[in-house]
Amino acid sequence: MSENAASEHSAPQDSGAHRFTIDDTLFVAEREQMVEEQILQRGVRDPRVLEAMREVPRHCFVPPEYRYLAYTDGPLPIGSGQTISQPYIVALMTELLRLKGHEKVLEVGAGSGYQAAILSRLAREVHTIERHANLARHAARILSDLGLENVHVHIGDGTLGLPEHAPYDGILVTAAAPQVPGALLQQLADGGRMVIPVGGRGGQVLEVWTREGERYDYESVLPVAFVPLVGEQGWKD
Ligand code: SAM
């Protein structure tokens, strides 16, 4: 894990006391039902995305007191005033990246680590950055316990991207930006895709940006409501 994109840590710092048992064999039927009723029926069709949503144990990324709600159709609190996103939105945003398996992806807003875990099943290399150090460390621990070794968790301001690993074939922003951060556009690879909610604090539109050389295009997909993207090229705290 890297902190402020500067120092490397081989292990999360909060060792021992809060360690929990990962049991990814639980809730298999609930996950299948989630995929059928919340995701397939709303139109997500990419078989690789559906398979990842079936496989990754969302309950492992949810605080123990909310675990019984892990496969319900909505976001849940994860601490520090933040949320793990609704499963359908995770699936939709992932599908919009059109990953084939060879890509390097940046996620801005690691939160619980769940979205990064989904991406890890679909891309070659995943970097995820989170501004709350406690969330980042917790996410890193779960991802590591699940053996997802192609995910790298960083602590810092993701509105500036993560230049040391750029360019990225895909960028997925899971917090609401007032406008698209220029740093992220610059770090998008030629031919790359970025999925980002853009708009006011009360509601946004999910946008897909594509880059061809120096030409950037975007399309609007869906009204959404995300927590704010806070940072130098986002909202002020
Ligand atoms: N993707 C997460 C998951 O799977 O649990 C959910 C993300 S939550 C909706 C948005 C996250 O973005 C929060 O954890 C928040 O702290 C983080 N965030 C907001 N501004 C950020 C920034 N500038 N850099 C990095 N993370 C940021």
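Q: What makes E10 and E11 a hairpin, and which residue in the turn has a positive phi?
A: Two residues lie between E10 and E11, and the two strands form a hairpin. Gly213 in the turn has a positive phi of about 65 degrees. This is a predicted model: local features need pLDDT of at least 70, side-chain atom pairs count only at pLDDT 80 or more, and totals for chains, interfaces and linings use all residues. Residues are numbered from 1 along each chain as its sequence is written, and side-chain values use heavy atoms, with hydrogens and water left out.

Q: How do you know that E10 and E11 are paired?
A: Count the bridges. Two strands pair if DSSP finds at least two bridges between them. Nine bridges join E10 to E11 (residues 215-224), so the pair qualifies. The two run antiparallel. Glu207 has Ser220 in E11 as its bridge partner. The labels are DSSP runs, numbered from the N terminus: helices are H or I, at least four residues, and strands are E, at least two.

Q: What joins E9 to E10?
A: Seven bridges link E9 (residues 188-199) and E10 (residues 204-212) in the antiparallel sense. Pro197 faces Leu206 in E10. E9 and E10 also form a hairpin, with four residues between them.

Q: Why is strand E6 called largely enclosed?
A: Six of the six residues of E6 (residues 125-130) are buried, so the rest of the structure largely encloses the strand. Buried means under 20% relative accessible area, exposed over 50%, partly exposed in between (1.4 Å probe, protein chains only). Both faces are covered. Glu125, His127 and Ile129 are buried on one side, and Val126, Thr128 and Glu130 on the other.

Q: Which strands pair with E6 in the parallel sense?
A: E5 (residues 104-108) is joined to E6 by five bridges. Here Lys104 stands opposite Glu125. E7 (residues 151-155) pairs with E6 over five bridges. Ile129 has His154 in E7 as its bridge partner.

Q: Why is Leu26 called partly exposed?
A: Its relative accessible area is 41%, so Leu26 counts as partly exposed. Leu26 sits in the loop between strand E2 (7-8) and H1. Beyond its neighbours within four places in sequence, Leu26 is in contact (heavy atoms within 4.5 Å) with Arg31 and His59.

Q: Which residues of helix H1 are buried?
A: In H1 (residues 28-40) they are Arg31, Met34, Val35, Gln38 and Ile39. The buried residues of H1 pack against helix H2 (47-55), helix H3 (87-97) and H4.
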